[in-house]
Amino acid sequence: METRLFKNKNKTGIKIPLLGFGTMRLPRQNEETQEINEKTGQEMVDYAMSHGVNYFDTAYMYHEGGAETFIGKALSKYPRESYYLADKIPPWRAETAEDVSRIFEEQFQKCQIDYFDFYLIHNINEEHFELAERLKVYDFMKQKQKEGKIRYIGFSFHDSPEFLEKVLDKHDWDFVQIQLNYLDWTIQNAKRQYEILEERQIPVIVMEPVRGGSLATLSEKATGILKEADPNASTASWAIRYAATLPNVLTVLSGMSGMEQIKDNISTIENFRPLNETDYKTIEAAVKEYQSSFAIPCTYCRYCMECPSGVHIPKVFDKYNQYFARGDSDKTRFLFEYRQIGEKRQAHQCTECGICLPKCPQGIDIPRELEKISEFSKD
């Protein structure tokens with residue numbers, strides 16, 4: 001397994017696999033629940049560990065709180081020093097400093113560990129950072145670091161490059177996690193975010209390299225461009241390689257939900273080939289083709305959930321995006337898949353309350369898009 005050396009501020013000697021295991025999209029019992037299929041999930045964890053993928057990323061919010069419990073149980077069979085575990089504190093779920101401490105202790109118990117290797121403030125934007133500062137979350141993390149309960153401190157980021165610099169100036173950070181893929185390199189200016197971190201010699205952990213799976217299911221013509229360049233490479237492998245080629249990337253997190261995905265991703269990194277000039281041109285051509293069918297830049301992160309009106313926002317967007325990505329000539333398949341969401345979870349239930357708007361890392365005007373899909377879904 002390809003590895004990278006963690007070397008922030010003279011902290012050297014830790015080899016991290018270039019592929020990390022994200023737990024936001026673990027296999028589920030069925031489409032209607034976030035309950036994890038523990039049997040398949042354990043098989044995936046075991047396969048990862050046996051192939052050198054020993055960096056696991058989880059969060060308090062994932063699978064409605066179930067991901068931490070699952071990963072704690074799944075890794076309990078392995079020696080603690082044999083894997084790295086990253087977890088996150090969601091400042092919007094705390095009202096007081098006591099809540100921050102309570103959540104941290106709860107995570108400790110659920111993950112069945114006595115220290116976190118990497119610990120992050122979750123989903124930093126202006127609103128969440130202001131809240132984290134008021135709650136003195138960074139000070140809390142530094143104290144836990146002194147106590148040996150946290151090894152390295154960072155944050156996951158969803159905002160502008162300008163605000164990234166403000167956050168970096170405020171405190172001393174060991175690493176930063178950003179959304180980076182070959183679409184968001186320009187769309188969300190991940191390029192500048194990466195450059196800022198590289199200039200400051202702060203290691204980057206990549207999230208959403210396959211953009212919630214959308215870069216594994218490109219439009220037919222875009223996929224054809226990649227297949228023509230390399231018939232044996234999966235569409236997803238191009239996205240993984242894009243992020244992994246960047247030298248200041250410590251690990252690329254992939255939220256894998258099945259054995260086929262983990263085997264493909266591991267094969268990509270075990271036989272890692274950095275992108276060359278020809279590869280970049282191939283991706284550029286595929287992106288140009290794909291963007292011609294682009295609909296809504298949703299990554300299915302679920303930060304917008306739960307909707308008070310009951311709308312399953314990410315699922316609605318996903319069905320809509322897949323329709324455009326496939327280039328279907330009519331709406332028959334879309335309408336069938338859309339109806340499977342359930343009438344109470346569909347776009348027309350939106351009351352335009354706006355609660356979802358500040359929660360979306362992609363800055364999507366969710367009510368407007370839901371209104372558009374509501375009209376589109378009418379027979």
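Modeller: A salt bridge here is a side-chain nitrogen of Lys or Arg within 4 Å of a carboxyl oxygen of Asp or Glu. The model is a predicted one, and it holds 27 salt bridges. One of them joins the side chains of Lys 88 and Asp 57, with an N to O distance of 2.7 Å. This pair links distant parts of the chain, since Lys 88 belongs to strand β5 (residues 84-89) and Asp 57 to strand β4 (residues 55-57), 31 residues apart. Both Lys 88 and Asp 57 are buried.

A further salt bridge connects Asp 230 with Arg 273, whose closest N and O atoms are 3.2 Å apart. Here too distant parts of the chain are linked: Asp 230 sits in the loop between α9 (220-229) and α10 (235-245), while Arg 273 sits in the loop between α11 (259-270) and α12 (277-291), 43 residues apart. Asp 230 counts as buried because its relative accessible area is 17%, under the limit of 20%. Arg 273, at 42%, is partly exposed.

Salt bridges that share partners also join Lys 191, Arg 192, Glu 195 and Glu 199 into one network. Within it, the side chains of Glu 199 and Arg 192 meet at 3.1 Å, N to O. Glu 199 has a relative accessibility of 54% and is therefore exposed, exposure being defined as over 50%. Arg 192, with a relative accessible area of 26%, is partly exposed.

Notes. Residues are numbered from 1 along each chain as its sequence is written. This is a predicted model: local features need pLDDT of at least 70, side-chain atom pairs count only at pLDDT 80 or more; totals for chains, interfaces and linings use all residues. Side-chain values use heavy atoms; hydrogens and water are left out. Helices (H or I, at least four residues) and strands (E, at least two) are DSSP runs, numbered from the N terminus. Buried means under 20% relative accessible area, exposed over 50%, partly exposed in between (1.4 Å probe, protein chains only).
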